Amino acid sequence: MPPLDSLFYDSVPISNDFLRLSDPAQFTPLPDTWILGVADIVDSTGEIARGRYKTVNMVGAAVISGMINALGGRVFPYVFGGDGAGFAVPGEDADAARETLAALQSWAETEFAITLRAALVSVSDIRAAGRDLRVARFAPSTGVDYAMFTGGGLAWAEAQMKSGTFTIQPAGPDAQPDLTGLSCRWSNSPARHGQIVSLVIQPTSESNEADFANLTQSVLSVAEGLERAGHPVPLKGPPMSWPPPGADLDAHVSRAGRNLLMQKIRLMIGNMLIGLLFKTGMRLGQFEPNHYKEMVSRNADFRKFDDGLKMTLDCDPATLDQITRMLEDAQSKGKIRYGLHAQQEAMMTCFVPSAMRDDHVHFVDGASGGYAQAAAVMRA
């Protein structure tokens, strides 16, 4: 029989009401024996300034896809942050997490000349530092659910990592994480109602959980007035063009030691055939292109709780002004810190274990800085 703690996440209730998750009572404490992993890109703002935000997103999402593959598809809580990611696993998976993070650091440096830092922290250490780590599950569709975190433990672990504590050292230069299923073949989704707004809101030490819950409930209620609550990806799925904008990145991700040019050619041919299927809507075996595109939109992770609230919204000017005034008022009272970055398009990075099932996951961010730029504004 597997240890009881390893079955913990299976027992966490799954909600399909995102507004309900503004209530801290909906979150369940992780066991002390679990391990939190965090990773982010050093100088992500500099990488963005050099026009590499799609690469930054890909490396951030690679942390999640690498861990999913390392655990053989077993469910565990994770959250995508734009320029990094966080996840939690049972203590028995600590070695697998350490090896995967070490390989990811080496891979990011080799393939993209990007420095990825990473750390592992036990939940017991988080609680000993006066923070907590609690989790909830939100299902945007019947195909997937995403983890939400609260309690301050994730933010504390990230701060410890940036100070050099609990860090993981990179593996050798030839280390290769298993990134099967990671891709970014969709074109960006243009704003339809104004701007694509990436928003990061965090509570301060002056704010208690009730204060922050009330604020996020108010912000989410306003956003609910937008079309599909501000969902930035069209209902029928994102645009697709040929050649796909992420072909070079996909080649770096999937080549696994093969010749980069040859891998890019293979992907271009494959993407041309896939594009024809989507254009014609023609079914191929069990693959139904129109259904798949609709599930891409439904499954997209465009809002999340991770020791705060993050959203990427297709937002009209009046709603943006209303949300901004609420946030300015809360910030002037010392209750929150927030950052906002507006752009014209949203982008997606995807993990697709099988195109024949509905459990593919899609991480949404703004296309010109998104969460990383919003976080930089918040810090400033």
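Arg325 and Asp321 sit four residues apart in helix α10 (residues 317-332), so about one helical turn separates them. The two form a salt bridge, with the closest N and O atoms 3.0 Å apart. A salt bridge here is a side-chain nitrogen of Lys or Arg within 4 Å of a carboxyl oxygen of Asp or Glu. Arg325 is exposed, with a relative accessible area of 52%. Asp321 is partly exposed, at 42%. Buried means under 20% relative accessible area, exposed over 50%, and partly exposed in between (1.4 Å probe, protein chains only).

This is a predicted model: local features need pLDDT of at least 70, side-chain atom pairs count only at pLDDT 80 or more, and totals for chains, interfaces and linings use all residues. Residues are numbered from 1 along each chain as its sequence is written, and side-chain values use heavy atoms, with hydrogens and water left out.

## Salt bridges

Side chains of opposite charge can pair when their charged atoms come close. The whole structure holds 21 salt bridges.

| Salt bridge | Closest N and O atoms |
|---|---|
| Arg50 with Glu47 | 3.4 Å |
| Arg74 with Asp93 | 3.1 Å |
| Arg325 with Asp321 | 3.0 Å |

Arg74 and Asp93 form one of these bridges. Arg74 lies in the loop between α2 (53-70) and β4 (78-80), and Asp93 in the loop between β5 (84-89) and α3 (94-112), so the pair ties together parts that are 19 residues apart in sequence. Helices (H or I, at least four residues) and strands (E, at least two) are DSSP runs, numbered from the N terminus. Arg74 is partly exposed at 37% relative accessibility. Asp93 is buried at 8%.

In the Arg50 pair, Arg50 is exposed at 53% relative accessible area. Glu47 is buried at 8%.

Strands of a sheet pair through backbone hydrogen bonds, either parallel or antiparallel. Two strands count as paired if DSSP finds at least two bridges between them. Three bridges join β13 to β14 (residues 309-315), and the two run antiparallel. Within β14, Met311 stands opposite Arg303.

## Nonpolar cores

In soluble globular proteins, nonpolar side chains tend to be buried together. A nonpolar core is a set of buried Ala, Val, Leu, Ile, Met, Phe, Trp, Tyr and Cys residues joined through side-chain atoms within 4.5 Å. The largest one has 92 residues. Tyr78, Phe87, Leu101, Trp107, Met148, Ile201 and Leu327 touch the most other members. Helix α2 gives the largest share of this core, ten residues.

What is Ile201 in contact with, leaving aside its neighbours within four places in sequence? Its partners are Phe212, Leu215, Gly308, Leu309, Leu327, Ile336, Arg337 and Tyr338. Contact means heavy atoms within 4.5 Å.

Helix α2 also holds Thr55. Thr55 is buried at 10% relative accessibility. With neighbours within four places in sequence left aside, Thr55 is in contact with Phe112, Ile114 and Leu249.

## Strand β3

In a regular strand the side chains alternate between the two faces of the sheet. Strand β3 (residues 35-41) has seven of its seven residues buried. Ile35, Gly37, Ala39 and Ile41 are buried on one side, and Leu36, Val38 and Asp40 on the other.

β3 pairs with β5 in the antiparallel sense over six bridges. There, Leu36 has Ala88 as its bridge partner. β3 also pairs with β6 (residues 116-122), antiparallel, over seven bridges. Ala119 in β6 stands opposite Val38.
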